[in-house]
Amino acid sequence: MSEEKTVCIVGVAGFIGSHLLEKIIRERTWNVLGCDMVSPLKIQQLLGAEKKWAGRFSFTQMDIVKEPAKLKELIKQSDVVINLAAICNPSEYIKQPVNTINSNFTDAQDCINFCVEHDKHLIHFSTCEIYGRPLSSYGLPADEPKNYLLDEETTPMIMGPVSAQRWCYACAKQLVERLIYAHGTENNLKFTIVRPYNWIGPRMDYIPGVDGKDDGQPRVLASFMTALMKEEPLVLVNGGEVFRTFCAVEDAIDAVMKMVENPEKSQGHAFNVGNPDNNIKVADLAELMINMYSEITGKPKGTTRTVSGVEYYGPGYEDSDLRIPSMRLIQQQLGWTPPTSLKSAMEATMKVFIEKYADKVADLKRGQA
């Protein structure tokens, strides 16, 4: 039996928040206080329904920046606070760099301060992007693990120039991590930091023109799915030469649950949460998805086209060419290893996209014809 807890999830209506909520509601007896500034479409199935969940989950739609008193009250009532609120889409880093910095650094400080004031365990979501580019990108031997494997306690963090605004997100996230560590040192903040590596699964991202967002670009998997369903070429930014390491969201949520349930092992640490076995070049990911989509739907195989990063995102775009997490610390502290292969995770995610969006995208395409 797990210890009774009240968990506050800030950003509960998003991709990760909805999966975390579902895991807690279905498999634990904890109470959840959730808040988000968006409508709870992704968690709608959990808001009414079964009597056994009644009274265990409450949702508050609110803007944590404009309504800090409400956030403070939720945190005061909780044992653990999981902060997911952020802007985390590369297309936004270029278009809204000021908002990106504020969202990921300035706007996170109330949550941190309230956890300090009320002595709560803060689990703060950061990003693998804080590492910048690996040392192998700068000419050091690519066959030495220390030059490409990203370790939480030893790897240096190397960003691009200030003019490359792609890095404003990573820098804001890194600075808020340092602030959290500082509060741990000076004010005894109980904290755990999560560094996700491309978590994928149902309910992630959006489809432009279908989910109420007509502009901008979702992240790579949703972008590729949009192209496949519209029967358009998949866009490879700068040829798709960079690598990404994908992790099934259900595996990642298990890691977060271990952090909540084992505070004596998780507090004071930042953890990589990813699957190094699922590292793949983006161009190869496109080929994998093209073949898998054709197998699932019976439709002809799609194609790709290449555009420059500046053309796709705008001036100021740069990227990290490789992000492979070291699993040393999370295995040592929490005994966590992700079991789901890239193919299995991708197939499950694609099937949900097709089931949810294929007809809507077809209608959208007909309306644009």
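Ile158 touches Tyr131, Gly132, Arg133, Leu135 and Tyr138, leaving aside residues up to four places away in sequence. The model is predicted, and in it Ile158 is found in the loop between strand E6 (149–150) and helix H7 (168–187).

**Ile158**

- The relative accessible area of Ile158 is 26%, which makes this residue partly exposed, since that class lies between the limits of 20% and 50%.
- Ser320 stands 162 residues from Ile158 along the chain, and the C-alpha atoms of the two are separated by 10.0 Å.

**Helices H1 and H9**

- Two packed helices are described by the angle between their axes and the distance between the axes.
- Helix H1 (residues 15–27) and helix H9 (residues 249–261) have axes that come within 10 Å and cross at roughly 65°.
- H1 is therefore roughly perpendicular to H9.
- The crossing of these two helices, H1 and H9, is right-handed.
- On the H1 side, the contact is made by Phe15, Ile16, His19, Leu20, Lys23 and Ile24; on the H9 side, Val249, Ile253, Asp254, Val256 and Met257 take part.

**Nonpolar cores**

- In soluble globular proteins, nonpolar side chains tend to be buried together.
- The largest nonpolar core has 67 residues, and those touching the most other members are Ile82, Trp199, Met225 and Val273.
- Trp199 touches Phe15, Ile16, Phe125, Val194, Met204, Cys247, Val249, Ala252, Val256 and Val273, again without residues up to four places away in sequence.
- Among these partners of Trp199 are Phe15 and Ile16, which belong to the H1 side of the helix contact, as well as Val249 and Val256, which belong to the H9 side.
- Another core, of 24 residues, lies apart from the largest one and includes Met62, Ala108, Leu122 and Ala172.

**Loop residues with positive phi**

- Most residues other than glycine have a negative phi.
- Asp119 is not a glycine, yet its phi is positive, at about 60°.
- Asp119 is placed in the loop between helix H6 (109–118) and strand E5 (121–125), and its relative accessibility of 48% counts as partly exposed.
- Asn188, also a residue other than glycine, has a positive phi near 60°.
- The loop between H7 and strand E7 (190–196) holds Asn188, which counts as exposed at 61% relative accessibility, because exposed means over 50%.

Note on methods. Residues numbered from 1 in each chain as written. Predicted model: local features only at pLDDT ≥ 70, side-chain atom pairs only at ≥ 80, totals over all residues. Heavy atoms only, no water. Axes fitted to C-alpha atoms, helices over the stretch in contact; angles between N-to-C directions. Helix = DSSP H or I, 4+ residues; strand = E, 2+ residues; numbered from the N terminus. Parallel < 35°, antiparallel > 145°, perpendicular 65-115°, else oblique. Left-handed = near helix turned anticlockwise from the far one by under 90°. Contact = heavy atoms within 4.5 Å. Buried < 20%, exposed > 50% of the residue type's maximum accessible area, 1.4 Å probe, protein only. Core = buried A, V, L, I, M, F, W, Y, C linked by side-chain atoms within 4.5 Å.
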